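The structure is shown first, and the account follows.

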Amino acid sequence: MSRNILVVEDDRQTADWIRIYLERAGFSAELALSAREARALFREHTYDLILLDLMLPDGDGNEICGEFRRESEIPIIMLTARSARSDRLQGLSGGADDYITKPFDPDELVLRIKAVLRRTSGSIMERLSCGPMILDQKEGLFTLFGETVRLSTIQREIMAALMGHANCILSRQQLIDMAYRREFDGYDRAVDTQIQRLRHLIHRDGFKPIETVYGEGYRLAWRDD
């Protein structure tokens, strides 16, 4: 059953564009073009996640986020043209699970939605497998060619993000969002350091699955042919 997402966005063209990409990614989506409509749909239907525009003609997104949060633990991602750090922190402190500034890449939006759902639903896939790599998240064990490889907690989380999105390019920020699962005030170069350590632990002669896509991020290249 597909996850149902409520898209609260007053610009009809943008809302339709978001819905198209969500449906292509396997989600179902309903649109609310105002705060009033969002409140009505929120109380009438069940959703798995809300995409909430910060600036609506008849309401403030932060206030609506707080209102929804008092009534439900439903994940909320704020959408806004405001990029100031203070605005982002206000949204997150008000109960939002993530904060995405416009304009945004639709593929990144889908990945961020999946990341939020993953860390809020409690339904993390217990076992990930990509060829010789197996990650048992319940037991916290990673094996390669049948041999146990000791990974730190953050290394396991990064591998879970990469294996869960095999062959997709993940930016440093996406890896931070998926792996650290909290507001991260460190430099994104911390991800580079962990990737280097993972390569040292995992890469073998002829087996080097973690690729750098220069200017974009990292990718776990694997095909189950």
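Phe-145 is exposed, its relative accessible area being 55%. The model in which this residue is described is a predicted one. Phe-145 belongs to the loop between β10 and β11, and its phi is positive, at about 55 degrees, although the residue is not a glycine.

**The pair of Phe-145 and Phe-207**

The exposed residue Phe-145 has an aromatic partner in Phe-207, and the pair is edge-to-face, with 5.3 Å centre to centre and 70 degrees between the planes. The pair links distant parts of the chain, 62 residues apart: Phe-145 is in the loop between β10 (141-144) and β11 (147-149), while Phe-207 is in the loop between α8 (189-202) and β12 (210-213). Phe-207 has a relative accessible area of 10% and is therefore buried, whereas Phe-145, at 55%, is exposed.

**Aromatic pairs in the model**

The count of aromatic pairs comes to four. Phe-42 and Phe-68 form one that is stacked, at 4.1 Å centre to centre and with 20 degrees between the planes. Because Phe-42 lies in helix α2 (residues 35-44) and Phe-68 in helix α3 (residues 61-71), this pair ties together parts that are 26 residues apart in sequence. Phe-42 counts as buried at 11% relative accessibility, and Phe-68 is buried as well, with a relative accessible area of 0%.

Ring pairs also join Trp-17, Tyr-21 and Phe-104 into a cluster. The ring of Tyr-21 has a further neighbour in Arg-24, whose charged end sits over that ring at 5.3 Å from its centre.

**Packing of α2 against α3**

Which residues make the contact between α2 and α3? The axes of the two helices come within 12 Å and cross at roughly 10 degrees. An angle under 35 degrees counts as roughly parallel, so α2 is roughly parallel to α3. On the α2 side the contact is made by Ala-35, Ala-38, Arg-39, Phe-42 and Arg-43, and on the α3 side by Ile-64, Glu-67, Phe-68 and Glu-71. The residues of this contact divide into five nonpolar, no polar and four charged. Phe-42 and Phe-68, which form the stacked pair, are among the residues of the contact.

**Accessibility of selected residues**

| Residue | Relative accessible area | Class |
|---|---|---|
| Phe-42 | 11% | buried |
| Phe-68 | 0% | buried |
| Phe-145 | 55% | exposed |
| Phe-207 | 10% | buried |
| Asn-167 | 27% | partly exposed |

**Backbone features**

Asn-167 is a residue other than glycine with a positive phi, near 75 degrees. Asn-167 is placed in the loop between α6 (153-164) and α7 (172-180), and its relative accessible area of 27% makes the residue partly exposed.

The peptide bond from Lys-102 to Pro-103 is cis, with omega near -10 degrees. Pro-103 is found in the loop between β7 (98-101) and α5 (106-121).

**The chain as a whole**

The protein chain contains eight helices and 13 strands. Of its 225 residues, 45% count as buried. Among contacts between residues at least 6 apart in sequence, 58% join residues at least 24 apart. The pair of Phe-42 and Phe-68, 26 residues apart, and the pair of Phe-145 and Phe-207, 62 residues apart, both join separated parts of the chain.

Note on methods: Residues are numbered from 1 along each chain as its sequence is written. This is a predicted model: local features need pLDDT of at least 70, side-chain atom pairs count only at pLDDT 80 or more; totals for chains, interfaces and linings use all residues. Side-chain values use heavy atoms; hydrogens and water are left out. Rings of Phe, Tyr and Trp (its six-membered ring) pair if their centres lie within 6.5 Å; planes under 30 degrees apart count as stacked, over 60 as edge-to-face and the rest as tilted. Helices (H or I, at least four residues) and strands (E, at least two) are DSSP runs, numbered from the N terminus. Buried means under 20% relative accessible area, exposed over 50%, partly exposed in between (1.4 Å probe, protein chains only). A charge sits over a ring if NZ of Lys or CZ of Arg is within 6 Å of the ring centre and within 35 degrees of the ring normal. Axes are lines fitted to C-alpha atoms, for helices over the stretch in contact, and angles run from 0 to 180 degrees between N-to-C directions. Angles under 35 degrees count as roughly parallel, over 145 as roughly antiparallel, 65 to 115 as roughly perpendicular and the rest as oblique. Contact means heavy atoms within 4.5 Å. Ala, Val, Leu, Ile, Met, Phe, Trp, Tyr, Cys and Pro count as nonpolar, Asp, Glu, Lys and Arg as charged, and the others, Gly among them, as polar.
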